[in-house]
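Please keep the sequence and the structure in view while reading.

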Amino acid sequence: MFNRIPLYATALLFVSVIMTAGCATQEAVVKDEGITPARVTKPIDTSKSSATASNKEPIVPAKQPAAAQLSQKTSSSSQLQSALEKIYFNFDSADLSESARNTLTKNAQALLKAPSAKIIIWGNCDERGSAEYNLALSDRRAKVAQQYLVTLGVKADSISTISYGKEKPAVLGSNEAAWAKNRRDDFFVVSK
């Protein structure tokens, strides 16, 4: 029995040393976490600034601050968005009416003025018909509008489509007036 006590004492001492060492390591890490890269400053290159001052070259400011550029980009995106109009379809059809072609021509003109713009066309249907049928029909509607815009000069890779079927009605109701408003393609600017 006396032989076992020193063994327990040694094990207990060993465990307490390990735990103490582990705690000390954690404290050091916590102290290091207080240092952030934001506190590190970059030294100023005085040779460059004195050369500029001695040559009396004007310092050219940046074009616009990032916030101003973002605001301008947002503004031009919202202008483009407001220029894009919906088109409507006849019942059970993905054919473009004369009115839809005229609207797509106007949309194409707006998109051609913003060649870096990317849009998405949402194809929609009214509530009549099965979900599967309406998804297929609204897909055809979105793709026919996409193809027409491409024939008018809009880059194909700037247009994507999505089919919503009857899931996103513009107008609630079960009458011809509501159905006519729901058989549509919506155009959304996703980036400019």
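## Asn182 in helix α6

In this predicted model, Asn182 belongs to helix α6, which spans residues 176-182; helices here are DSSP runs of H or I of at least four residues and strands are runs of E of at least two, numbered from the N terminus. Asn182 counts as buried because its relative accessibility is 3%, where buried means under 20% relative accessible area, exposed over 50% and partly exposed in between, with a 1.4 Å probe and protein chains only.

Once neighbours within four places in sequence are set aside, Asn182 is in contact with Asn124, Cys125, Asp126, Pro169, Ala170 and Val171, contact being defined as heavy atoms within 4.5 Å. Val171 lies 11 residues from Asn182 along the chain, and the C-alpha atoms of the two are separated by 6.5 Å.

## Arg184 in strand β4

Arg184 is part of strand β4, residues 184-191, and it is classed as buried because its relative accessibility is 4%. The side chain of Arg184 reaches the backbone oxygen of Lys168 at 2.7 Å.

Beyond the residues up to four places away in sequence, Arg184 touches a set of residues that includes Lys86, Ile87, Tyr88, Phe89, Trp122, Arg141 and Lys168.

The 4 strands form an open sheet of mixed pairing, in the order β1-β4-β2-β3, two strands being paired if DSSP finds at least two bridges between them. Its edge strands, each pairing on one side only, are β1 (87-88) and β3 (159-165). Strand β2, residues 118-124, runs parallel to β3 and is joined to it by 6 bridges; Ile120 stands opposite Ser160 in β3.

Helix α5, residues 131-151, lies across β1, β2, β3 and β4 and runs at about 155 degrees to β3; axes are lines fitted to C-alpha atoms, for helices over the stretch in contact, and angles run from 0 to 180 degrees between N-to-C directions.

## The chain as a whole

The protein chain has 6 helices and 4 strands, which follow one another from the N terminus as α-α-α-β-α-β-α-β-α-β. Of its 192 residues, 24% are buried, and among contacts between residues at least 6 apart in sequence, 76% join residues at least 24 apart.

## Basis of the values

Residues are numbered from 1 along each chain as its sequence is written, and side-chain values use heavy atoms, with hydrogens and water left out. As the model is predicted, local features need pLDDT of at least 70 and side-chain atom pairs count only at pLDDT 80 or more, whereas totals for chains, interfaces and linings use all residues.

Definitions and conventions:
A polar contact is a pair of N or O atoms within 3.5 Å; within protein, one must be able to donate a hydrogen and the other to accept it, and residues adjacent in sequence count only if both atoms are side-chain atoms.
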